[in-house]
Amino acid sequence: MTMNNQIQHKDSTKVPEPTLRRLPWYLSNVKLLKQKGERYVSSTQISKEINIDASQIAKDLSYVNISGRTRVGYEVDALIAVLEDFLGFTNMHKAFLFGVGSLGGALLRDSGLSHFGLEIVAAFDVNPTLVGTTLNGIPIFHSDDFQEKMKEYGVHIGVLTVPIEIAQCITDTMVAGGIKAVWNFTPFRIRVPEDIVVQNTSLYAHLAVMFNRLNFNETE
């Protein structure tokens, strides 16, 4: 079977979100195994490394439509290529970032995002000390210039790292300007039309879960 034949998408099947969240874990693990010189990997091997049931891994991998060899497993290079393609990491997606505070600035400095298919090409803020400057080579424009820059850059993704009190207002502006997907880092649950994709990544929500589990373990 050739590599091209292995990279297939089941367009008629909507992949469950939990599966999409797990697939990058498998990809990272398989890349580590490749660095160790492994040529084949089984779902059982992956299971031992990341503590996810092997049957669940096999089920998740069935969505990317790659077949393994009996008693051998999946060919490592092919599995990496299939997963990267399926997850969209091989295509570069351009994005605008809104709100160059501490978190927004950190994301602009994170060159590693490009390895996963996301390129932040410009940022927007109203702080006069930031507007007109660059951070990690990325230009920072005034928020009022968003519509004009949309015509120039033609991006589809907006990264939201603004203060909570203006999160909805900036979201409305993004959507009106043509943004099709929002990566929301604020703890505010933004409202968008049904055809707009939203991914909420609240660091504070994850902190709350961690603190709760830590406290529970300490009181056991």
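## Exercise 1: Thr-171

Find the helix that holds Thr-171, then decide whether this residue is buried or exposed.

Step 1. Thr-171 sits in helix H8, which spans residues 167-177. Helices (H or I, at least four residues) and strands (E, at least two) are DSSP runs, numbered from the N terminus. This is a predicted model: local features need pLDDT of at least 70, side-chain atom pairs count only at pLDDT 80 or more, and totals for chains, interfaces and linings use all residues. Residues are numbered from 1 along each chain as its sequence is written, and side-chain values use heavy atoms, with hydrogens and water left out.

Step 2. Thr-171 is buried because its relative accessible area is 0%. Buried means under 20% relative accessible area, exposed over 50%, and partly exposed in between (1.4 Å probe, protein chains only).

Step 3. Leaving aside residues up to four places away in sequence, Thr-171 touches Leu-160, Ile-190, Arg-191 and Val-192; contact means heavy atoms within 4.5 Å.

## Exercise 2: two asparagines

Work out where Asn-51 lies and where Asn-136 lies.

Step 1. Most residues other than glycine have a negative phi. Asn-51 has a positive phi, near 60°, and Asn-136 has a positive phi of about 60°.

Step 2. Asn-51 is in the loop between helix H3 (43-50) and helix H4 (54-61). Asn-136 is in the loop between strand S5 (134-135) and strand S6 (138-142).

Step 3. Asn-51 counts as exposed because its relative accessibility is 73%, whereas Asn-136, at 46%, counts as partly exposed.
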